Amino acid sequence: MTDKSPVIIAIANTKGGVGKTTTAVNLAAALAAPRRKVLLVDLDSQASASLWLGVDRARLKPSSGSCLLHEFPIVQAIRATPVPHLDLLTGSVELANADVALAEVKGRELTLKNLLQRVRQRYEMIMLDCPPSLSLIGVNALVAADGLVSLLASLDTVRTRLGTKGRLLGILFTMVDPGRPAACEVRNRLRAQFRDEIFHTEIMMSRALEEAPAGARTIFDHAPRSRSAVAFRRLAGEVLERLRSTRHSKR
Ligand SMILES: Nc1ncnc2c1ncn2[C@@H]1O[C@H](COP(=O)(O)OP(=O)(O)OP(=O)(O)O)[C@@H](O)[C@H]1O
Ligand SMILES: [Mg+2]
């Protein structure tokens, strides 16, 4: 990896509905800055991240699926978003057939990594919003990624995530509900056990986050002063800090 290459971060968890897309969209928006151009790649056939960023359901193609499966030129498929400095490669139903289609391809686990090489000069960071399964697309994401942000909304997924420790950028507690003391106890125990691996920032349950997608606005446009907006800014700071230290230790 040269210094010109973007840092690629996968937001992943094999469980559905744990806040992956919420994290991918808002973390990407928090990281996008004049000197930090960010690309969000929607790898989910449900395309929630793309719809959140205002893409019309009828206009999801060309998508990441078009590029991965049908060799559509990635540069032509990438679009601007309402968020300055944040670009998007959409998801679409094409991805639903990816496992079957990619199965025939030689070096199939590397397809995404190779694809992203073509836009490496353009971005400082690439964020991957993964589907909720360990499909071939999910494997492609993990192979392409330099760092993994793993989400934890419940205890039963801990082991899966710790298996990827070598490349783990951090574990994020999402959808935290302070009204559930038992869950709070679990989080405290995990913090004591895995300390450094868990981000200090926690994403709480919030009405603002729940409502933001319907208005096609990130949390920073929907509720800029909300606790969730502050949390995603803090998380971005933590991610940058961790990247700095892992980069140093990698070389
Ligand atoms: N912190 C939060 N507070 C309130 N609602 C949230 C929060 N995080 C996520 N949600 C809501 O929960 C649902 C699932 O979240 P999200 O789509 O981010 O999960 P996901 O892991 O990407 O799901 P999938 O596995 O289907 O891709 C969405 O309706 C989202 O708006
Ligand atoms: Mg999702």
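**Overview**

Strands S7 and S8 pair in the parallel sense over three bridges; two strands are said to pair if DSSP finds at least two bridges between them. The model is predicted, so local features need pLDDT of at least 70 and side-chain atom pairs count only at pLDDT 80 or more, whereas totals for chains, interfaces and linings use all residues. Residues are numbered from 1 along each chain as its sequence is written, chains are lettered from A and ligands numbered from 1 in the order in which they are written, and side-chain values use heavy atoms, with hydrogens and water left out.

**Overall fold**

- The protein chain has twelve helices and eight strands; helices (H or I, at least four residues) and strands (E, at least two) are DSSP runs, numbered from the N terminus.
- The radius of gyration of the protein chain is 17 Å, close to the 18 Å given by the globule rule for 251 residues, so the chain is as compact as a globular protein of that length. The radius is taken over C-alpha atoms, and the rule is 2.2 Å times the number of residues to the power 0.38.
- The C-alpha trace of the protein chain spans about 50 × 40 × 35 Å along its principal axes.
- Of the 251 residues in the protein chain, 51% are buried. Buried means under 20% relative accessible area, exposed over 50%, and partly exposed in between (1.4 Å probe, protein chains only).

- Strand S5 covers residues 125-129, and five of its five residues are buried, so the strand is largely enclosed by the rest of the structure.
- In a regular strand the side chains alternate between the two faces of the sheet.
- Met 125, Met 127 and Asp 129 point one way from S5, while Ile 126 and Leu 128 point the other way; all are buried.
- Strand S1 (residues 7-12) runs parallel to S5 and is joined to it by five bridges. Within this pairing, Ala 10 has Leu 128 of S5 as its bridge partner.
- Strand S2 (residues 38-42) also runs parallel to S5, with five bridges joining the two. Here the bridge partner of Asp 42 is Asp 129 in S5.

**Strands S7 and S8**

- Strand S7 comprises residues 168-176; eight of its nine residues are buried, so it is largely enclosed by the rest of the structure.
- Phe 173 has Glu 202, in S8, as its bridge partner.
- Strand S8 (residues 198-204) contains Thr 201, which counts as buried because its relative accessibility is 2%.
- The side chain of Thr 201 makes a polar contact with the side chain of Glu 238 at 2.6 Å. A polar contact is a pair of N or O atoms within 3.5 Å; within protein, one must be able to donate a hydrogen and the other to accept it, and residues adjacent in sequence count only if both atoms are side-chain atoms.

**Helix H1**

- Helix H1 (residues 20-31) has twelve residues, which at 1.5 Å a residue should span 16 Å; its end C-alpha atoms are 16 Å apart, in agreement. The expected span is 1.5 Å times one less than the number of residues.
- Ten of the twelve residues of H1 are buried, and the helix is mostly covered. Among them are Lys 20, Thr 21, Asn 26 and Leu 31.

**Ligand 1**

- Ligand 1 is surrounded by 17 residues, the closest being Lys 20, Thr 21, Thr 22, Met 204 and Ser 206. A residue is near a molecule if one of its heavy atoms lies within 4 Å of it.
- A polar backbone atom of Gly 19 is 3.0 Å from an oxygen atom of ligand 1.
- For Thr 21, a polar backbone atom is 2.8 Å from an oxygen atom of the ligand.
- A nitrogen atom of ligand 1 lies 2.8 Å from a backbone N or O atom of Met 204.
- On its own, ligand 1 has 630 Å² of accessible area, of which the protein covers 80%. Accessible areas come from the Shrake-Rupley method with a 1.4 Å probe; for residues, only the protein chains shown count as cover.

**Backbone features in loops**

- The peptide bond from Lys 61 to Pro 62 is cis, with omega near 0°. Pro 62 lies in the loop between helix H2 (48-52) and helix H3 (64-70).
- Glu 71 is not a glycine, yet it has a positive phi of about 55°. Glu 71 is found in the loop between H3 and helix H4 (74-77), and counts as exposed at 73% relative accessibility.
- Ala 216 likewise has a positive phi, near 55°. Ala 216 lies in the loop between helix H10 (207-211) and helix H11 (219-222), and counts as partly exposed at 29% relative accessibility.
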